[in-house]
Amino acid sequence: MIEVNPDLCTGCGACEMACSLYREEEVFTTMRSSIILHREEKRNYYGIMLKREEDVLLGRPEGVEVMKEGESSDTGGGGKPILLREPCDTCTNAMCVRFCPTGCLKEV
Amino acid sequence: MLYTDLIAVVDLEEEDVEEVDIEEEFIEESIGGAAANVKLLKEYPGSLILGTGVLTGTLCPGSSVGIVTAERNGTVCHSAFNWFAGTELKLSGFSFVVIKGKASDPVYLWLHDEIADIEKTDLWGKNTWETTDILRDELGEDRIQTLVIGEGGEKQSGASLLVNNYWGCDDRNALASAFGERNVKAVTMRGMGEIEIDDPETFTAQTESLLGHFRSAVKKKGTPIEGLDAITHRYDACFNCPYPCRNFVMTGEEEGVLIFQRHLTDLISHGLDVKEAVTVLGECYRHGVNPHYGTDPKALVTMEPQPVQPLESHEAWYYTMGICPILDQFSVDRETILNLINSGTGLDLSQEDVDAVISTV
Amino acid sequence: MNNQLLKVALYIGKGASHSWIWFVDTLRKAGITRIQFITDVDAVQADLLVISGGDPFALFSHITSTGVHRIIDFIKEGGTYVGICAGTYFALKFHETPYPWLNLIDSTIANFSLHPPPNIRMPHKYTVPYREGFVFHPVRDEVICTYKGAPLSAPLYGGPGIISADAQPLAEYTSFAPKTSFLCDRSHAASVFLGTTAVLSKKWNRGRLLLFGPHFEHPYFPQANKELISLLSTITPRGYTHTLPGHYLSGTEKNRWLKDLKRWISNGRLAAFGLGNYHWKIGEKIYDPERLAYFFETSFQLIKSLEQVPTLQGIYDLPERAQSAARLTRTLGPNAQKAEMLLETLKTITADIYSLYFSAVQDKKK
């Protein structure tokens, strides 16, 4: 299972690219990842959304919370079509963790 | 190949776009980024070129860089943009864009999914922040990356500065003016493209190893300017960069400024304290002017052309690879990067080949 | 193969969600491409009439009793009605005073109750009011059926568990899978669902009904797809003609037209992927931006595969319609009416792009 520490996130987006590579195997793209970086640039608000089998894990400046399918979030980073993505399959030796430069993502 | 497939050759006068396939030969002979831009400039003299480095948009750490190239007074000049625009340019399907001629009326380019649209616009006169907001709203996506000009670029000031979304690029040579003289208000990009890797397994292992090096080597965050950490809201990194050098400082309740070291340092060297400098920097970015030349953004919008600023010695290499030169302080091994290029592109380049290409920049 | 001569009328009008796309892709892979996409039920000139997942209330609202009678006539004349999920509920008479839907098979279903078991997850997917009670959905996602004496996995997204029916059972739900999602307590779900019928077949008058609870056509379940095609292959084609809509396009004209279409589908796709956290209640179903993005994404991938094809048969105004859809997507907010309008538009656009695709496939065969 992937754990998120939003305090360590620098918004670099490596996780999206790494997870997409895991899914696609031969190309770099950002559209296949189970993890999405959400950003509101002008106020530098950003966080991570990880789609899981039954819910979406949100790691944001406010903290970490779990959003169930069909729920809305009250602040940013809610339900953009992350739902179109495949859920995280908790791959061992997860790519997102391996390529996160700050240790924001951890495998537990 | 590490590129998406196309070069967009945009003819602003004919209002037409030609799509040219990127051939393996092109990469072999010019690798990418600044060197490839130079090659394209030879083929399309008088054009404005946007290009991505060979490693831009990949899992190579620091691979955020895109390059703008044009001729000024007979000298080929380069400016760089990082943040997320370099990656998004490649993912739009166009790893390179050649902009020829001049539009009769202000336009913006919209690059998306291998489509390059020339769109007439009434955004001329708006500041860079307004422009990005309107474009993102119009095109319906907040993740659209923009390269925009403000008043500085519109007036072709010698102090003009290209802006990526809301933040100044490393546009030392006022290439924002090259946009302005062509009546191009902005280049916007977004795509769901795919960057092919020749040997994904090897490439992945090599980049992971390189990241390991940076994890040990990078022990700091933010830009080393006295007093800046105390007012920093968060430390941001450009695409896939292990060094979060971009301090973000809040200047209002809902907005702030993403710092680029050189720009803030310039303002402080003009006598401002760090807080004042951040505020002025935000204004400079809105106007699209380079604080290297002064502290009054309104005055900077009309400045005479300034001497060309050549690249620093190591930058030609970084700007060809598509890696941010700020990582140079952490001992980037060029042999490792060469191996990455070869495993990613399927080519068999040597250091000599690379050196020969870099010498053209 | 004989089944490639089958003509299929696939309903995509009001009440249909997006699962019909899975059905088309399953048919496409089997070489069955004579598909007519219909948004109304008129006199159906096809071997099969397929009504897939969605909202049976909205479906009836749209086709009304007139449409129901036309379906009955179609079956009477020897046609095969294929119902999947909502299309199955539409055909079953599982209540003493049912809504005036097709109601051709007397049955009882296990997941109708005045007092469903307590819900533990996904409340918005758990129950749908029906008369004095509720149709409830104890499980979602992968379930395991027994089909032809062997286990077969397929996903369930609200389909019924049939206890008894005046029809031949073809498959029954026998167990849950590791990926099964439980919307009520597992033991309740087991007692409600396991042992009930998942797939039914009934000869009716000169025709036939094939009713599926789970989605045998889902892209992640190739074995189920195979069994579905196998079943459909038992239907004898009756020699219906099939004309693709649109006009012949080739050369520069084709390239320009296709590029314009790609442009607007790309714009729509990007805007749909950027939509905020909205939920729209359309009929009895909740839709979110994902559904809209799904149509754009499907369309985009189809268009990409057509770029090297020399000739196509396309409807001239398809790029203009895609442009309208993209522009609407860009300005879409919480307004459910607008979302519904966009949904219906996207369904027909996607269907027309499938027809475009099939025109290239047919041309290749010549």
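This is a predicted model: local features need pLDDT of at least 70, side-chain atom pairs count only at pLDDT 80 or more; totals for chains, interfaces and linings use all residues.

**Entry 1: the domains of chain C.** I began with how chain C is divided, and found domain 1 (2–232) and domain 2 (247–365). Between their C-alpha centres I noted 26 Å. Their contact takes 17 residues from domain 1 of chain C and 17 residues from domain 2 of chain C. I then asked which elements each supply at least two residues of the domain 1 side. The list reads helix 1 (20–29), strand 2 (35–38) and helix 2 (56–76) of chain C. Sorted by class, that side of domain 1 has nine nonpolar, six polar and two charged residues.

Entry 2: For chain C the mean pLDDT is 93, with 96% of its residues at 70 or more. For the complex, the predictor gives an ipTM of 0.90 and a pTM of 0.92.

**Entry 3: a covered strand in chain C.** Next I picked strand 4 (residues 80–84) of chain C and asked how many of its residues are buried. The count is five of five, and the strand is mostly covered. I checked the two faces separately. On one side I found C:Thr80, C:Val82 and C:Ile84, on the other C:Tyr81 and C:Gly83, and all are buried, so to speak a strand with both faces covered. Which way does strand 3 (residues 48–51) of chain C pair with strand 4 of chain C, parallel or antiparallel? The sense is parallel, and the pairing runs over four bridges. Within strand 4 of chain C, C:Gly83 is the residue that stands opposite C:Ile51. I also had C:Gly83 among the buried residues above.

**Entry 4: where chain C meets chain B.** This contact takes ten residues from each side, that is, ten from chain C and ten from chain B. On the chain C side, helix 7 (251–273) and helix 9 (318–330) each supply at least two residues. Which element of chain C gives the largest share? I found helix 7 of chain C, with seven residues. By class, the chain C side divides into three nonpolar, four polar and three charged residues.

**Entry 5: the domains of chain B.** In their contact, 44 residues of domain 1 of chain B meet 22 residues of domain 2 of chain B. Several elements give two or more residues to the domain 1 side, among them helix 3 (85–91), helix 4 (128–139), helix 7 (200–217) and helix 11 (297–300) of chain B. The largest share, four residues, comes from helix 11 of chain B. I sorted the domain 1 side by class and got 24 nonpolar, 15 polar and five charged residues.

**Entry 6: a sheet in chain A.** In chain A I looked for a sheet and found an open one, made of four strands in the order 3-4-5-6 with antiparallel pairing. Strand 3 (35–40) and strand 6 (63–68) of chain A are its edges, each pairing on one side only. On average, neighbouring strands are turned by 20 degrees against each other, direction ignored. Helix 1 (residues 14–24) of chain A packs on this sheet and touches strand 3 and strand 4 of chain A. The direction of helix 1 makes about 155 degrees with that of strand 3 of chain A. Strand 3 of chain A pairs with strand 4 (residues 45–51) of chain A over six bridges, in the antiparallel sense. One pair I wrote down is A:His38, opposite A:Gly47 in strand 4 of chain A.

**Entry 7: where chain A meets chain B.** How many residues does each chain give to this contact? I read 22 residues from chain A and 34 residues from chain B. Helix 1, strand 2 (27–28) and helix 2 (95–99) of chain A each give two or more residues to the chain A side. Helix 1 of chain A, which packs on the sheet, gives the largest share here, four residues. The chain A side has ten nonpolar, six polar and six charged residues. Strands also pair across this contact: two bridges join strand 2 of chain A to strand 13 (residues 195–196) of chain B, and the two run antiparallel. The bridge partner of A:Val27 is B:Glu196, in strand 13 of chain B.

Definitions and conventions:
Residues are numbered from 1 along each chain as its sequence is written. Chains are lettered from A and ligands numbered from 1 in the order in which they are written. Two residues are in contact if their C-beta atoms, placed from the backbone, lie within 7 Å. Ala, Val, Leu, Ile, Met, Phe, Trp, Tyr, Cys and Pro count as nonpolar, Asp, Glu, Lys and Arg as charged, and the others, Gly among them, as polar. pLDDT is the predictor's confidence in each residue, from 0 to 100. Two strands pair if DSSP finds at least two bridges between them. Axes are lines fitted to C-alpha atoms, for helices over the stretch in contact, and angles run from 0 to 180 degrees between N-to-C directions. Domain bounds come from an automatic or database domain assignment. A residue is buried if 20 or more other C-beta atoms lie within 10 Å of its own, exposed if 12 or fewer, and partly exposed in between; C-beta atoms are placed from the backbone.
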